[in-house]
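Please walk me through this chain.

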Amino acid sequence: GNEKVYDLTISRGSNAPDGFKRDMFLINGQFPGPLIECNKGDTLVINVKNELDEDTTIHSHGMFQRGTPWYDGVPGQTQCGIPSKGSLTYKFKVEQSGTYWYHSHSRTQYIEGIIGPLIVHEPNDPYKNECDEEIIVILQDWYHTDAKTLLATFLSPASQGNEPSPDNGLINGHNSFNCSSASEGSDCVSNAPLAQFKFVKGKKYKLRIINASAFSAFIFSIDGHSMDVVEVEGMITRRHTVHRLPINIAQRYSVIVTADQPIDQYWMRAEMETSCFAVVSDDLNPLITAVVTYDTYNGSTDQGPSSKAWSDDVENCVDLKASDLKPYKNQKIPNPSKNFTIVINFQPDENDVVLGYINNSTYKIDTNDPTLIKVYNGVTQFSPNLNVFTVEKDEIVDLILLNQDAGEHPFHLHGHVFWCLGSGEDGTQPDYNSLNTKDPIQRDTATIPAGGWAILRFVSNNPGVWGFHCHIEWHVASGLVAQFVTQPDQIKRLNPPDEWKALCPNSFNSSNSSN
Ligand code: C2O
């Protein structure tokens with residue numbers, strides 16, 4: 001493989017993605033961040049320079065980081081933050097292909113702009129001839145108030161655990177906003193330009209759809225055009241045709257769309273699933289749009305498309321049915337050797353702040369002494385609030401998730417993919433008879449239905465410390481986070497780089513690491 005080098009400089013700046021000007025984060029002066037892409041087998045070198053006055057990290061979401069667990073980018077788990085004016089080079093071999101993204105894993109930074117797409121091309125893609133061109137579509141929710149203020153309110157008794165509602169949503173960093181609902185004195189321009197996509201009649205496009213939201217799931221569609229799902233988070237699937245595609249936070253899909261409709265303009269729609277919000281902001285228009293225009297269209301563009309939305313019913317707030325998706329290649333699914341029951345709920349703490357709990361323990365981050373360094377230093381017992389699960393080599397682990405909360409939670413496992421064996425919306429007892437152990441899909445982020453359950457199976461074959469958390473960014477802050485310490489003995493045989501150790505000068509005890 002080749003080495004592909006990217007420089008990411010993270011700074012603050014003012015920008016108006018939807019016409020509402022605000023202070024936010026930029027990467028290389030732009031938003032969303034630049035495309036990182038490579039081929040399977042390449043090595044990615046990502047030089048991160050921190051121009052902020054606070055620390056930061058970059059996590060490559062979905063990358064296995066086999067042999068380089070220190071580059072997973074999670075403060076408190078795999079590294080100390082890159083300090084203000086500091087830098088870190090993340091360098092890792094890419095053994096997988098598909099649609100990924102990168103984001104800050106520090107506090108609420110990704111909500112305010114530290115995100116970008118990461119695409120790994122598959123040399124042996126069976127759908128190669130079905131795609132003339134690739135188009136990246138990043139969906140996300142968007143807030144007009146700074147995240148620190150929102151977080152302070154959310155983590156106070158007043159919020160009663162209700163997450164802040166987004167003010168808007170964006171497609172590839174664009175949307176418009178009706179400024180009459182913006183607060184007095186704000187710098188806001190109505191009718192900001194929407195994202196524009198060009199189709200050439202007869203061509204086939206692979207849309208790589210990424211939900212980079214903090215809080216919102218979407219239902220994605222393009223008027224008049226059906227979509228063939230061919231990839232779920234790195235797993236190539238058999239073709240599955242949909243009109244409307246539900247996509248939860250941090251999930252990704254590739255779909256093939258043929259430009260086979262009359263020469264015209266069409267709406268691309270990302271409908272926010274506000275029915276799963278605790279509160280909905282008055283100024284929010286939950287229908288986020290962009291425009292798809294055939295290249296030879298020469299009609300008026302003033303009014304926007306007159307196309308009609310698909311009307312298919314899809315279930316709200318749950319994943320695209322796992323049973324509709326089949327892996328392209330058959331797999332053999334191993335039997336479990338171990339299981340963990342993981343109960344999710346929310347409770348008020350002693351100060352009446354509603355926090356997220358995993359098996360009755362809310363996660364408290366230990367920023368200055370990340371778990372991976374603890375493991376190097378020989379620690380085997382972890383404080384209960386670190387929510388550590390330890391697994392040894394080549395275990396087949398079933399995660400039995402029981403969601404006692406009234407909201408759904410998109411859980412993400414770092415460093416692995418898991419088989420989605422089954423899930424259900426009612427009751428706290430999994431229906432073991434309904435599990436699919438024959439041809440389930442694998443992914444890295446799956447929704448645990450509200451008041452329901454899910455069973456996810458993964459193979460412990462990657463030494464490291466791997467986050468397992470709800471990807472609702474507000475819930476990361478309120479403690480709905482766990483971590484797997486996998487193969488601690490093997491971890492200690494891997495040699496971490498000096499630049500990484502130097503980020504935690506006080507905690508890395510080199511005399512304790514074996515080599
Ligand atoms: Cu997208 Cu813990 O990450």
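Strand 14 (residues 227-232) and strand 15 run antiparallel and are joined by 5 bridges. In that pair, Asp228 stands opposite Thr241 of strand 15. This is a predicted model.

Strand 17 (residues 252-258) is mostly covered, with 5 of its 7 residues buried. Leu207 stands opposite Val255 in strand 17. Strand 14 is also antiparallel to strand 17, through 4 bridges. There, Val232 has Tyr253 of strand 17 as its bridge partner.

**Other strand pairs**

Strand 19 (residues 287-294) pairs with strand 11 (residues 196-199) in the parallel sense, over 4 bridges. The bridge partner of Gln196 in strand 19 is Val291. Strand 18 (residues 265-272) also joins strand 19, but antiparallel and by 7 bridges. Gln265 has Thr293 of strand 19 as its bridge partner.

A second open sheet to look at has 4 strands in the order 2-1-4-6, again with mixed pairing. Its edge strands are strand 2 (22-27) and strand 6 (87-93), and each pairs on one side only. Neighbouring strands in this sheet are turned by 15° against each other on average, direction ignored. Strand 4 (residues 43-50) and strand 6 pair in the antiparallel sense over 7 bridges. Val48 stands opposite Leu88 of strand 6.

Several of these pairs are listed below.

| Strand pair | Sense | Bridges |
|---|---|---|
| Strand 14 and strand 15 | antiparallel | 5 bridges |
| Strand 14 and strand 17 | antiparallel | 4 bridges |
| Strand 11 and strand 19 | parallel | 4 bridges |
| Strand 18 and strand 19 | antiparallel | 7 bridges |
| Strand 4 and strand 6 | antiparallel | 7 bridges |

**Domains and core**

The domain assignment gives domain 1 (1-121), domain 2 (127-327) and domain 3 (338-512). The centres of domain 2 and domain 3, taken over C-alpha atoms, are separated by 28 Å. Their contact takes 29 residues from domain 2 and 29 residues from domain 3. On the domain 2 side, helix 1 (147-154) and strand 15 are the elements that give two or more residues.

The unreviewed UniProt entry carries the annotation "domain: Plastocyanin-like" for residues 14-124, 134-295 and 369-489. Residues 134-295 are 5% helix and 43% strand, and their end C-alpha atoms lie 16 Å apart. Residues 369-489 are 11% helix and 41% strand, with end C-alpha atoms 19 Å apart.

The largest nonpolar core has 130 residues. Those with the most contacts inside it are Leu139, Ile209, Leu245, Val255, Leu401 and Leu456. Which residues does Leu245 touch, not counting those up to four places away in sequence? They are Ile219, Phe220, Ser221, Met227, Tyr253, Val255 and Leu320.

**Backbone spots to check**

The peptide bond from Phe31 to Pro32 is cis, with omega near -15°. Pro32 is in the loop between strand 2 and strand 3 (36-39).

Ala250 has a positive phi, near 75°, though it is not a glycine. Ala250 is in the loop between strand 16 (245-247) and strand 17. Is Ala250 buried or exposed? It is buried, because 24 other C-beta atoms lie within 10 Å and the cut-off is 20 or more.

Asp394 is another non-glycine residue with positive phi, near 55°. Asp394 is in the loop between strand 22 (388-391) and strand 23 (396-403). Asp394 counts as exposed, because it has 11 C-beta neighbours inside 10 Å and the limit is 12 or fewer.

Ala502 is in the segment after helix 5 (498-501). Ala502 is exposed, with 12 other C-beta atoms within 10 Å. In sequence, Ala502 and Cys80 are 422 residues apart; in space they are 9.0 Å apart, C-alpha to C-alpha.

Definitions and conventions:
Residues numbered from 1 in each chain as written. Predicted model: local features only at pLDDT ≥ 70, side-chain atom pairs only at ≥ 80, totals over all residues. UniProt positions renumbered as here; feature names shortened; annotations may be inferred. Pairing = 2+ DSSP bridges. Core = buried A, V, L, I, M, F, W, Y, C linked by C-beta atoms within 7 Å. Contact = placed C-beta atoms within 7 Å. Domains from an automatic or database assignment. Axes fitted to C-alpha atoms, helices over the stretch in contact; angles between N-to-C directions.
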